[in-house]
Amino acid sequence: MKAGVLALQGDVEEHGEAFRRAAGELGVSLEVVYVKRPAQLKEVDVLAIPGGESTTIGVLAKRAGLLEPLRDAVKSGLPTLGTCAGAVLMSSDVVDAVVGRTDQPLLGVLEAAVVRNAFGRQRESFEADLQLEDFGQVRAVFIRAPAFVKTWGGAKPLGPLPHGRYGTVYAAVVQRHMVATAFHPELSTTAFHRLMLEIARR
Amino acid sequence: MMAEVSKELERLRDLFYGLAELRDRLREAGATWPRPLPEAAVGTVRVKTGLPAMLRRGVIMDVTNVEQAETAEDAGAVGVMVLDKLPYDVRKAGGVARMADVKVIEEVMAHVTIPVSAKVRIGHFYEAVVLQQIGVDLIDESEVLTPVDEQHHINKWAFAVPFVNGCRELCEALRRISEGASMIRSKGEAGTGNVAEAVKHFKTLYGAVEELAAALRAGDEERLRDYARRCQAPYELVTLTAKLGRLPVVTFAAGGIATPADAALMMWLGADGVFVGSGIFKSQDPRERAEAIVLATAFWDDPEKVVEAQRMVSERGAMAGIDVRALKPEELLQTRGI
């Protein structure tokens, strides 16, 4: 099996490592591909869009002619995990908690609305144990993290968190072959990468 | 008299109770950033090293105002570093170089969505306290500013915000990490537009890492212990570096990067990303240059893309630069705080 990690910017190596460890746990033979060209999207069975700066990844994807091929690949069923910036890119509606609406490039494949930097700045970044349906207890690392504020259609929100400004927000969203997390599973667990490999195997 | 004093005290006590109630009401109304889970841990090593991990393959740009910060964000920078003067101008101006204006930093934070960094003087604990308090995302304890402590760097373990420190070679890097730095960058020679020193520092750094890795493979524990002793760095950190075959924290290149090809060169030498100081906003074509350097950093391993980036800028627009050999020893910034 081949697992792709979008390698324009962000914690690409951490995702590669999480895929390798997950494959080891499942006893699957796996090759990790760092995706930078549209043609590589056709080779991979599963994709991770890493954490990083969503504005940077969006700008680079647009310039490299990757935005449309990415959107098409994910829409046509490529199992995709987006974490933090990756989750922002996958979402359909994005605002920043301080700056408000910006015109950053998005994939808009996930039926969810997200607020960037929803928990504050780096000083307020945190890690905590979360109870997530289907995953059990997960140690979640939130770095200048976004939060899901709304989902619709086929998207299912997981991990409700109380939020002073937005009421209840969510830590993750699952929609068919897509999983998006506001936190960084690649820094603390293989549970999500294992699930992605299992979805790809089906 | 006593009655008056106790009345005053009572009024004072009421005032404090009132303030405490107001604080609680504001908190409930969500006026401060909410801690979503009471047991959440902030400022842990994982959280502090997590931010630099997200900056990998990115470009952090020096800026002096909101307009430049917005240009940087639009170009695809992963962060901005707010300074009072660009390193090139610090060099020209002389005198004492200090932390940037708090008002300017706050204004930048209100206008861009990407992480905002700022520099503090080496050893200036209180400039760092101020930056943490206003919510700066990453603090650079920088030799570009005038050091205040000849003996010590800041104890960075005391902060919830991550720090980046400069180095010229491995020992310096390991000392900074042992003081709590969450990220390392080469010092290079800031404000020169000349990448030569950054190249030297990266080759020296990774040459030493390779030697340690070889010692570990040969089971030569003595050499690793010697190295730790000579460097005044913890033995555990030396062995970890040898095991990983790289620094255990994210390592950026900095100092004199002025063109897309400079950035690609530093990535090829093993940098996880780059800081660009005077190179962008001291050039004649900052907007195009910013975009081009972002492109060349992400696609350093794709020569066609580096050509595309290099085409976006003109050598005529690049900052003039300074030959490092023309600088007197006392004019070098890299020898500060080692």
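Reader: How many helices and strands does chain A have?
Author: This is a predicted model, and its elements are DSSP runs. Counted that way, chain A has six helices and twelve strands.

Reader: What radius of gyration does chain A have, against that of a compact globule?
Author: The C-alpha trace of chain A spans about 45 × 40 × 35 Å along its principal axes. For 202 residues, a compact globule would have a radius of gyration near 17 Å. The value for chain A agrees with that; it is 15 Å.

Reader: Which share of the residues in chain A is buried?
Author: A residue counts as buried if 20 or more other C-beta atoms lie within 10 Å of its own. Among the 202 residues of chain A, the buried share is 58%.

Reader: Which residue in the turn between β11(A) and β12(A) has a positive phi?
Author: β11(A) runs antiparallel to β12 (residues 178-181) of chain A, over four bridges. Gln175(A) stands opposite Met178(A) in β12(A). The hairpin leaves two residues between the strands, and the one with a positive phi, about 45°, is Arg176(A).

Reader: Which element gives the most to the side of chain A that touches chain B?
Author: The contact takes 41 residues from chain A and 40 residues from chain B. On chain A, α1 (12-26), α3 (54-63), β7 (126-132) and β10 (156-163) each supply at least two residues. That side divides into 14 nonpolar, 14 polar and 13 charged residues. The most, five residues, comes from α3(A).

Reader: Why is chain B as compact as a globular protein of its length?
Author: Chain B has 14 helices and nine strands. The globule rule gives 20 Å for its 338 residues. The radius of gyration of chain B is close to that, so chain B is as compact as a globular protein of that length, at 23 Å.

Reader: What box do the C-alpha atoms of chain B fill, and what share of its residues is buried?
Author: Taken along the principal axes, the box is roughly 80 × 55 × 40 Å. Of the contacts in chain B with a separation of 6 or more, 66% join residues 24 or more positions apart. The buried share of its 338 residues is 49%.

Reader: Which strands make up the closed barrel of chain B?
Author: Strands of a sheet pair through backbone hydrogen bonds, either parallel or antiparallel. In this barrel of eight strands the pairing is parallel. One pair, β7 (residues 183-186) and β8 (residues 250-253) of chain B, has three bridges, and Ile184(B) stands opposite Thr251(B). The barrel runs β2-β3-β4-β5-β6-β7-β8-β9.

Reader: What angle does α2(B) make with β8(B)?
Author: Helix α2 (residues 45-55) of chain B packs on the sheet. The strands that α2(B) touches include β2 (59-63), β3 (79-82) and β5 (138-142) of chain B. Its direction makes with that of β8(B) an angle of about 45°.

Methods: Residues numbered from 1 in each chain as written. Chains lettered and ligands numbered in written order. Predicted model: local features only at pLDDT ≥ 70, side-chain atom pairs only at ≥ 80, totals over all residues. Contact = placed C-beta atoms within 7 Å. Nonpolar A, V, L, I, M, F, W, Y, C, P; charged D, E, K, R; others polar. Rg over C-alpha atoms; globule rule 2.2 N^0.38 Å. Buried ≥ 20, exposed ≤ 12 C-beta atoms within 10 Å, placed from the backbone. Pairing = 2+ DSSP bridges. Axes fitted to C-alpha atoms, helices over the stretch in contact; angles between N-to-C directions.
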